[in-house]
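User: Please walk me through how the parts of this chain sit against one another.

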Amino acid sequence: MGRIITLKKPVAITTHSCVGGKKEGQGPLGEYFDIISEDNYFGQESWEKAETEMLKRSFYTILKKRDIKPQDIDVALGGDLCNQITSTAFCYRDIPVPFLGLYGACSAMAESMVIGACLINSGGVDNALCSASSHFATAERQFRTPLDYGGKRTPTAQWTVTGAAHALLEREGKGPFITRVMFGRIADLGIKDANNMGAAMAPAAATTLKEFFTLSGEKVENYDAIYTGDLGQVGTDLLKQLLMHENIELTNHKDCGLIIFDRESQQVQAGASGCGCSGCVLSSHILPQLEAGNLHRILFMATGALLSPTTTMQQESIPGIAHLVEIVAEKE
Amino acid sequence: MKINKKEYSYMVEQASPPSHLGKNCLWAFIIGGSICTLGEWLYKFYKNIGFIMSDARLMASISLVGLAAVLTGLGWYSRLAKKAGAGTLVPITGFANAVVSPAMEFRAEGLITGTGTKMFIIAGPVIVYGILASVVYGLILFFISPMGR
């Protein structure tokens, strides 16, 4: 009791949506996005406005799919990578929904789903709209250098996804269903290289998984797939090695950061990253497979690197976090 | 976790692919060399059309800076830099790119509070320490060289 939260009644993920940019449209999942914009400005005059517009398009898509109005939503939860999570807040400023902004860096999708499922489980709300978004251009200028600055990316660097995703959790409805959730603990094994996020976040993913397996008695093979958010190739290799030391062999692991782009042809170095990465892969790839019956039982674990440009410049190491959501296709 | 920070640091080193040093150096040499050759050609061109040596050198630098600024504006410089690395960073063109790219990027925050404030965000330290170094070298030269020379 306490660490792993078993929901009294499985919470349904009734509807989901995702919107992506041009590069995402050219990737392996491109055709499964609800909307792909060839214009990464999304018709706006600044990158920040573009990210908000992208979120709005995803929001109105999910309303249309579920045939509901903003007033029907009990609470909206979500986060992004911009300072003071403005992209998400600005998305809802003209929309009358109760809003709770979250910051967990790239773990935003899992973080909002964990909290949303708990709120429904508590009986307080009947539904919760979870979201995550990131934009390559806003993240670059927030964390790195201007877009047109001529720099060379290191082989361990990851490419921030331009994408926004929503998932509507409901007390009643058709699945897939969330059955158990777990809040992650912060893990920091001293990585200071902001161009190696996978390495910074792998210990958090390993910590959460190890704790979940130990406390629940579940085994890796009880799941069709275990998805992490955006560890990329370097983080994936490290996660497997870390768990090997704990006698856990991760045979069915998939990383969203290695699914959304074709690493070789799209030149994204170690893979993809950003809040939108796990969000869009969840909506365009994981949930549809659960709905189609190709997957039956999975773990979804988005990882976040809790750094800021200031802490990087002050030579601080990067704390990582990973929240876990257990999703099943049918109620057991 | 059973792994400590030191062991993990070793694991990360092993798992992180290194940069292709040879390939990167070759590209830097070819593109960086080409930029410098262009500079040399420009210097000779300006000298041929009648500039004195010091002015011709200045004109060559100005031309390269102007060219790099235009290429940055068109979004081509960063594409070239993706391949060239230090080859586009080290020549004077890299300095122009470092000033123009933030100037463009932060235009959304206004001409004064955006472009004006953030323009030197990358090149600023180069200017500060460049000037400091020239003051130090100037002082050294002043004290070691005989007066009046």
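This is a predicted model: local features need pLDDT of at least 70, side-chain atom pairs count only at pLDDT 80 or more; totals for chains, interfaces and linings use all residues.

Analyst: Residues are numbered from 1 along each chain as its sequence is written, and chains are lettered from A and ligands numbered from 1 in the order in which they are written.

User: How many residues of domain 1 of chain A are in contact with domain 2 of chain A?

Analyst: The domain assignment of chain A, with bounds from an automatic or database assignment, gives domain 1 (4-170) and domain 2 (180-328). Counting two residues as in contact if their C-beta atoms, placed from the backbone, lie within 7 Å, 55 residues of domain 2 of chain A meet a set from domain 1 of chain A that numbers 51 residues.

User: Which element gives the largest share of the side of domain 1 of chain A that touches domain 2 of chain A?

Analyst: Helices (H or I, at least four residues) and strands (E, at least two) are DSSP runs, numbered from the N terminus. Among the elements that give two or more residues to this side of domain 1 of chain A are helix 4 (108-121) and strand 5 (127-134) of chain A. The largest share, nine residues, comes from strand 1 of chain A.

User: At what angle do helix 4 of chain A and helix 8 of chain A pack?

Analyst: In helix 4 of chain A, A:A108, A:M109 and A:A110 meet residues of helix 8 of chain A that include A:C275 and A:L282. With axes as lines fitted to C-alpha atoms over the stretch in contact, and angles running from 0 to 180 degrees between N-to-C directions, the axes of helix 4 and helix 8 of chain A are 7 Å apart and the angle is about 65 degrees.
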